[in-house]
Amino acid sequence: GGSASVLLSFDVRGVRTWSPGQPSLYRAVATLSCGGGLRDGCPDTETATFGVRSFSFDSSAGFVLNGQSVKLHGGCVHHDNGPLGSKAIGRAEERRVELLKANGYNAIRTSHNPVSRAFVDACNRLGVLLMEEAFDCWDAGKNSDDYHLFFEDWWQRDIASMVLRDRNAPAIVFWSIGNEIPNRHVARGAALSAALSEYIRHLDDAGGGSRRAITSAYPGVGTDAATAAFLAPLDVAGYNYSPHGFARDHVTHPARVIAATETFPESSVLNFNALQDYPWVVGTFIWTAIDYIGESSIGANGHSPPDPLACGGYCPAPWSYHISFCGDLDIVGGQKPQAFLRRVLWNVSALEMAVKPADDGEVIASWGFPDERQSWSWEEQKRLMR
């Protein structure tokens, strides 16, 4: 009637390592027997799928997977499946991963919550590295009725639920403890950064190597002491929209490893070049990889005057947009202009061609991208201008 913990160790020989190019998976079967007899709940069998790989992060070599340097070409995804809604339908989750893999993505950041088991399983099978994120706020909220009301009572249980469910997943190489945490500038934020990081290390102790990196996405990274205190407990510093800090911060923090956890579509070339030039920058994650429902029109573009869809900066217009419109892929997975650029940057395609219609005052939102089309004619432009 009691309980006990048993630790077993053994050598595994002749296995193929897991990687995005060869996502080899194995099954471990554990059986609890009762001396050959049958009792309530005994024998009991549990099966787990796993992969074998080694990896490390450091500011000199960057991210090394199975002895090979790998740059993370990533994107952020929200929880919804477009017109299917927020329900985690297994085939829909798998399809999102398939589409991103086909467009050159080798990494995904789940923003800003743990994803479904089906999504993690798809990344394991298809070979896509994963940053699984826990929270969008801690005990200071972004809205009056969000998670900050429940943080004190629930954060340990929710972290444990995520880590214990997914710690055998070979795709996961990061745990993110939060996104743009509101109290990141004060001592309480730094203390919680340390507390959450240590709790995850307790739950996910690899016992000698390849421990997943802990990160948190920090916007507008500065050089102040409060920022340094928040980032110090992390294995990898998450930089949201902070390419100005890549070279600057390496001077003062030479051991800091950086992941560009959110980037603007129009800065794709700038961030790609930084990824090639700076080994301590291990990856970039575009905001976003796929359009999502919410934050309407943050990626809008239009012509002004008189187009009512024109939106510069950050100016959500829910009366004209119902989706973000900032993704590489649209709400049903079709490619948008920035996807063609990224395919060339990431060497998925040798050449992609598109034409920009005559510019009569295009206005592009902060997360937007210029209007470019693979099929266009002057006659079409004349009709549009009437």
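In what order do the eight strands close into a barrel? In this predicted model, the barrel order is β6-β7-β8-β9-β10-β11-β12-β13, with parallel pairing. From one strand to the next, the twist averages 25 degrees. An open sheet of three antiparallel strands is also present.

**Barrel strands**

- Strand β10, covering residues 213–219, runs parallel to strand β11, covering residues 237–240, and three bridges join the two.

**Helices lying across the barrel strands**

- Helix α4 (residues 187–203) lies across β9 (172–179) and β10, and its direction is at about 150 degrees to that of β9.
- Helix α6 (residues 245–252) lies across β11, β12 (258–263) and β13 (281–286), running at about 145 degrees to β11.

- The buried residues in α4 are G189, A190, L192, S193, L196, S197, Y199, I200, R201 and L203.
- The elements that cover these buried residues include α3 (151–166), β9, β10 and α5 (225–231).

**The loop position N183**

- N183 is located in the loop between β9 and α4.
- The relative accessible area of N183 is 9%, so N183 counts as buried, the cut-off being under 20%.
- Leaving aside neighbours within four places in sequence, the contacts of N183 are W138, D139, A140, R188, G189 and L192.
- Among these contacts of N183 are G189 and L192, both of which are listed as buried residues of α4.

**The open sheet**

- The three strands of the open sheet have the order β3-β4-β5, and their pairing is antiparallel.
- β3 (55–58) and β5 (68–69) stand at the edges of the sheet; each has a single partner strand, so one side of each is left without a neighbour in the sheet.
- Four bridges pair β3 with strand β4 (residues 62–65) in the antiparallel sense.
- Within this pairing, D58 has G62 in β4 as its bridge partner.

Note on methods
Residues are numbered from 1 along each chain as its sequence is written. This is a predicted model: local features need pLDDT of at least 70, side-chain atom pairs count only at pLDDT 80 or more; totals for chains, interfaces and linings use all residues. Side-chain values use heavy atoms; hydrogens and water are left out. Two strands pair if DSSP finds at least two bridges between them. Axes are lines fitted to C-alpha atoms, for helices over the stretch in contact, and angles run from 0 to 180 degrees between N-to-C directions. Contact means heavy atoms within 4.5 Å. Buried means under 20% relative accessible area, exposed over 50%, partly exposed in between (1.4 Å probe, protein chains only).
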